[in-house]
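Me: I would like to go through this structure by question and answer. Please show the sequence and the model.

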Amino acid sequence: MRRKEFVGSFQVPEELEREILSRLPVKSLFRFKTVKRSWRNLIEDSTFIAMHLNCYGSNTDGFLIHGCYSYGIELSRSLFDQPRKFIIGSTNGLVCLSNKIRCFLKKDDTLRIHICNPSTREIMELPQCHHDHNDFLFGIGFGFCRKFNDYKVVKVSYRRDSSSSEVQVQVYSTNMNSWKMMKIENPSSWALLPSYRGSGCFNGAFHWQGLKKSSSKKIIKTIVSFQFDEEVFREINLPNDPDFQGDVEYYITEYRDFFSSLVVKPGPNVNIYKVWVMKEYSVSDSWIKQLNIEVPISQDQVIFRSIRDIKYKDILFQDSHHRLIWYDTKSKQMEGQSQLLLQWLCIRCKESLVSLSQKT
């Protein structure tokens, strides 16, 4: 009897409770909010949300798959009544989606951009941003501003009329829940490529493939980034290597927590995939060639479009038939998924408690 009284009166220290709860998945925490009021208050507290993101979220990167048989497509269908939708990027468990990308915008077109948390099922639609008739939407970026604990969206469009042309940049802040126009310096020194890859979020910035003029007036490939803390555009030089010269395809990606570039080099009988990583972010001299992967050309396996590493062993590719391909870096073997899983792409997405309601 004494033993039962002792067990029943035992109190778990609050610090230990916080530590245990911070390491549990979001689904479990949502159930535990109904256990007692103190747990509900804790789980909704911004300090705990940040702690959970650091403890649980940093070790449990998952993938949001945008495809025919996936959760991602169901999510985006609930957002848009249009048949097409695009995942812009993901950071801290939040995902940004848009109904339009790389297109001309007419005066009466509606650009609908949403931010959602797939773990908590919260969704918010951004207020409308201004555009003129026949503006070309080059790109949309999404990222986190650490300086002000703010999530931001940047929209880059090209405006042309009968007398002049200009690059127009607008930035949305969740803290302010509004858009603002931004003037950029020397916009003619670089140009974004009107392409959509959906994997540009890294190190507090969003990245696009770009072009610029060299000192000899030659057009060369580059990477253009938008830094969300300072709200400025910067250029990141690609490696000064023959891999990036000539008519080659390259994609911005992430490999083992490093900013990376995947280069596709077609050969006579094989496609060669070269993974370059930037050991020190934004330092051009720190590019290192990390992997060489040779893949036989066949009817079923053509060009890989994106790359993700899983558990520091396997690499996840998406091929041009929208299937998932796993590559084991140790055995150097590939295993394909025969079923068509992807309609467009998959992105890395953390599980988090980050709340949108606190931002609106």
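**Strands, loops and helices**

Me: Which residue in E3 is the bridge partner of Ser 90?

Reply: The names first: helices (H or I, at least four residues) and strands (E, at least two) are DSSP runs, numbered from the N terminus. Strand E3 (residues 94–98) runs antiparallel to E2, and five bridges join them. In E3, the bridge partner of Ser 90 is Val 95.

Me: What pLDDT do side-chain atom pairs need in order to count?

Reply: Residues are numbered from 1 along each chain as its sequence is written, and side-chain values use heavy atoms, with hydrogens and water left out. This is a predicted model, in which totals for chains, interfaces and linings use all residues, local features need pLDDT of at least 70, and side-chain atom pairs count only at pLDDT 80 or more.

Me: How many helices and strands does the protein have, and what percentage of its residues is buried?

Reply: The secondary structure comes to six helices and 24 strands. Buried means under 20% relative accessible area, with over 50% called exposed and the range in between partly exposed (1.4 Å probe, protein chains only). Of the 360 residues in the protein, the buried share is 49%.

Me: Which strands are at the edges of the open sheet of four strands?

Reply: The order in this open sheet is E2-E3-E5-E6, with antiparallel pairing; two strands pair if DSSP finds at least two bridges between them. An edge strand pairs on one side only, and this holds for strand E2 (86–91) and E6.

Me: Which residue in the hairpin of E5 and E6 takes a positive phi?

Reply: Strand E5 (residues 113–117) and strand E6 (residues 122–125) pair in the antiparallel sense over four bridges, and His 114 has Glu 125 as its bridge partner in E6. Four residues lie between the strands of this hairpin. The one with a positive phi, near 65 degrees, is Arg 121.

Me: What separates the C-alpha atoms of Phe 144 and Asn 203?

Reply: Phe 144 belongs to strand E7 (residues 135–145) and is buried, with a relative accessible area of 14%. Asn 203 sits in the loop between strand E12 (201–202) and strand E13 (205–213). The two are 59 residues apart along the chain, and their C-alpha atoms are separated by 8.8 Å.

Me: Near what value is the phi of Asn 203?

Reply: E12 and E13 run antiparallel and are joined by two bridges, with Ala 205 in E13 the bridge partner of Phe 202. Asn 203 is in the hairpin of these strands, which has two residues between them. Its phi is positive, in a residue other than glycine, and lies near 55 degrees.

Me: Is Asn 177 partly exposed or buried?

Reply: Asn 177 lies in the loop between strand E9 (165–173) and strand E10 (178–182). Its phi is positive, near 50 degrees. Its relative accessibility is 36%, so Asn 177 counts as partly exposed.

Me: Are H2 and H5 roughly parallel, roughly perpendicular or oblique to each other?

Reply: Helix H2 (residues 14–21) and helix H5 (residues 46–55) pack at an angle of about 50 degrees, with their axes 9 Å apart. Angles under 35 degrees count as roughly parallel, over 145 as roughly antiparallel, 65 to 115 as roughly perpendicular and the rest as oblique. H2 and H5 are therefore oblique.

Me: Which residues in H5 meet H2?

Reply: Contact means heavy atoms within 4.5 Å. From H2 come Arg 18, Glu 19 and Leu 21; on the side of H5 they meet Thr 47, Phe 48, Met 51 and His 52.

Me: Which helices do the buried residues of H5 pack against?

Reply: The buried residues in H5 are Phe 48, Ile 49, His 52, Leu 53 and Cys 55. They pack against H2, helix H3 (26–32) and helix H4 (37–43).

Technical notes. Axes are lines fitted to C-alpha atoms, for helices over the stretch in contact, and angles run from 0 to 180 degrees between N-to-C directions.
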